[in-house]
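Here are my notes on this structure for someone meeting it for the first time. Please read them with the model open.

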Amino acid sequence: MTIRQILTVPDQRLRQKARPVKKIDKEIQTLLDDMLETMRDAPGIGLAATQIGVDWRVIVLELPEEEDDPLAGQPIFLVNPELVSVSGNEEAHEGCLSVPGYVGLVERATEVTVQGLDRRGRKVRIDATGLLARAFQHEIDHLDGVLYVDRLSGPDKLFRLEEMEERGEEAGEM
Ligand code: NI
């Protein structure tokens with residue numbers, strides 16, 4: 001596995017719309033492995049292929065084990081992910097590995113159902129809530145060239161990560 005370089009703003013490759021994967025082959029499996037390694041090294045809780053300059057619709061997520069979520073501590077690989085249902089609404093802090101040093105307040109759905117293909121090409125459907133639901137929405141946005149800074153709750157809702165940490169608050173980076 002190889003740790004890939006994570007692109008940061010204002011790199012225009014972050015604004016590209018990624019292409020659907022037609023066939024899950026060795027190349028895609030290697031990409032998934034590298035993305036997991038890169039995300040863990042960062043560290044982050046999610047990573048989209050767009051963030052390493054690859055324009056396939058592929059995302060990887062993993063919540064820390066200590067998170068209160070049935071899927072915490074397990075890597076989730078999703079190819080051609082799609083949101084099939086969303087509900088609820090919550091404003092919370094969100095950080096992005098491609099926007100280092102900042103966090104923003106963003107409104108997201110609190111419950112989502114996502115479908116796509118797993119690393120062997122089998123259809124999967126995942127129900128997620130809370131932080132994991134937020135991470136799915138954030139990563140799927142990346143595949144469409146959208147960053148959380150485009151979705152801030154207001155013009156004054158972007159903060160320095162340092163200020164947050166001084167206040168003892170946390171935000172997942174993804
Ligand atoms: Ni991100």
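1. Ground rules. This is a predicted model: local features need pLDDT of at least 70, side-chain atom pairs count only at pLDDT 80 or more, and totals for chains, interfaces and linings use all residues. Residues are numbered from 1 along each chain as its sequence is written, and side-chain values use heavy atoms, leaving out hydrogens and water.

2. Strand β2 and its pairing. Start with Leu61, which stands opposite Ile76 in β3. Strands β2 and β3 (residues 76–87) run antiparallel and are joined by 4 bridges. Strands β1 and β2 pair in the antiparallel sense over 3 bridges. Strands here are DSSP runs of E, at least two residues, and helices are runs of H or I, at least four, all numbered from the N terminus. Two strands pair if DSSP finds at least two bridges between them.

3. Both faces of β2. Strand β2 covers residues 58–61. Val58 and Val60 are buried on one side, Ile59 and Leu61 on the other. Buried means under 20% relative accessible area, exposed over 50%, and partly exposed in between, with a 1.4 Å probe and protein chains only. In a regular strand the side chains alternate between the two faces of the sheet.

4. The open sheet. Its 3 strands come in the order β4-β5-β8, with antiparallel pairing. Strands β4 (90–95) and β8 (158–160) are the edges, each pairing on one side only. Between β4 and β5 (residues 102–108) there are 6 bridges. Glu91 has Glu107 in β5 as its bridge partner.

5. A helix on the sheet. Helix α2 (residues 130–143) packs there and touches β4 and β5. Contact means heavy atoms within 4.5 Å. The direction of α2 makes about 60 degrees with that of β4. Axes are lines fitted to C-alpha atoms, for helices over the stretch in contact; angles run from 0 to 180 degrees between N-to-C directions.

6. The nickel site. Which protein atoms are the donors of the nickel ion? They are Cys96 (SG), His138 (NE2), His142 (NE2) and Met174 (O), lying 2.1 to 2.3 Å from the ion. Donors are N, O and S atoms within 2.8 Å of the metal (3.2 Å for Na, K and Ca); water is not among the atoms, so sites may look incomplete.

7. Reach of the site. Cys96 lies in the loop between β4 and β5 and Met174 in the segment after α3 (161–166), so the pair ties together parts that are 78 residues apart in sequence. Cys96 is buried, at 0% relative accessible area. Met174 is buried, also at 0%.
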